[in-house]
Amino acid sequence: MSAEKSSFEKNMAELEKCSKALSEENISLEDAIKYFEKGQKYYDECARILDEARQKIEVYTRKNDEDKE
């Protein structure tokens, strides 16, 4: 889990850097496209990690509910 957390945090930090770069007033179109594409990659990876975590929580919750029955 710590590797996933570290990976999520790393990707999130990179996504924030891309977002900050895109908000600059004098960013060129080329750079904006570059940062957008990089940001999309980091966003997709964060979404994948969060989806895996959600699935694990659902499995554990379901197992816990079954154990109570």
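1. Contacts of N11. Setting aside neighbours within four places in sequence, N11 is in contact with Y42, E45, C46 and I49, contact meaning heavy atoms within 4.5 Å. N11 belongs to helix α1, which covers residues 2–22; helices (H or I, at least four residues) are DSSP runs, as are strands (E, at least two), numbered from the N terminus. N11 counts as buried because its relative accessibility is 9%. Here buried means under 20% relative accessible area, exposed over 50%, and partly exposed in between, with a 1.4 Å probe and protein chains only.

2. Basis of the values. The model is predicted, so local features need pLDDT of at least 70 and side-chain atom pairs count only at pLDDT 80 or more, while totals for chains, interfaces and linings use all residues. Residues are numbered from 1 along each chain as its sequence is written, and side-chain values use heavy atoms, with hydrogens and water left out.

3. A21. This residue, A21, is also placed in helix α1. A21 is buried, at 13% relative accessibility. Not counting residues up to four places away in sequence, A21 touches I27 and Y35.

4. Cysteines. The number of disulfides is zero, a disulfide being a pair of cysteine sulfur atoms within 2.5 Å. C18 is in no disulfide, and the nearest cysteine sulfur, that of C46, lies 11 Å away. C46 is likewise in no disulfide, its nearest cysteine sulfur being that of C18 at 11 Å. C18 is buried, with 3% relative accessible area. C46 is buried too, at 5% relative accessibility, and C46 is one of the residues in contact with N11.

5. The whole structure holds five salt bridges, each defined as a side-chain nitrogen of Lys or Arg within 4 Å of a carboxyl oxygen of Asp or Glu. Side chains of opposite charge can pair when their charged atoms come close. E45, R48 and E52 are linked in a network of salt bridges; E45 is also among the contacts of N11.

6. R48 and E52. The side chains of R48 and E52 meet in a salt bridge, at 2.5 Å from N to O. These residues are separated by about one helical turn because R48 and E52 are four residues apart in helix α2, residues 29–68. R48 is partly exposed at 37% relative accessibility, and E52 is partly exposed at 28%.

7. R54 with D51 and E58. D51 forms a salt bridge with R54, with the closest N and O atoms 2.4 Å apart. D51 and R54 are three residues apart in helix α2, and are therefore separated by about one helical turn. R54 also meets E58 in a salt bridge, at 2.8 Å from N to O. E58 and R54 both lie in helix α2, four residues apart, about one turn of the helix. Relative accessibility is 30% for D51, which counts as partly exposed. R54 is partly exposed at 40%, and E58 is partly exposed at 37%.

8. Aromatic rings. K34 lies over the face of Y35, 4.8 Å from the ring centre; a charge sits over a ring if NZ of Lys or CZ of Arg is within 6 Å of the ring centre and within 35 degrees of the ring normal. Y35 is also touched by A21.
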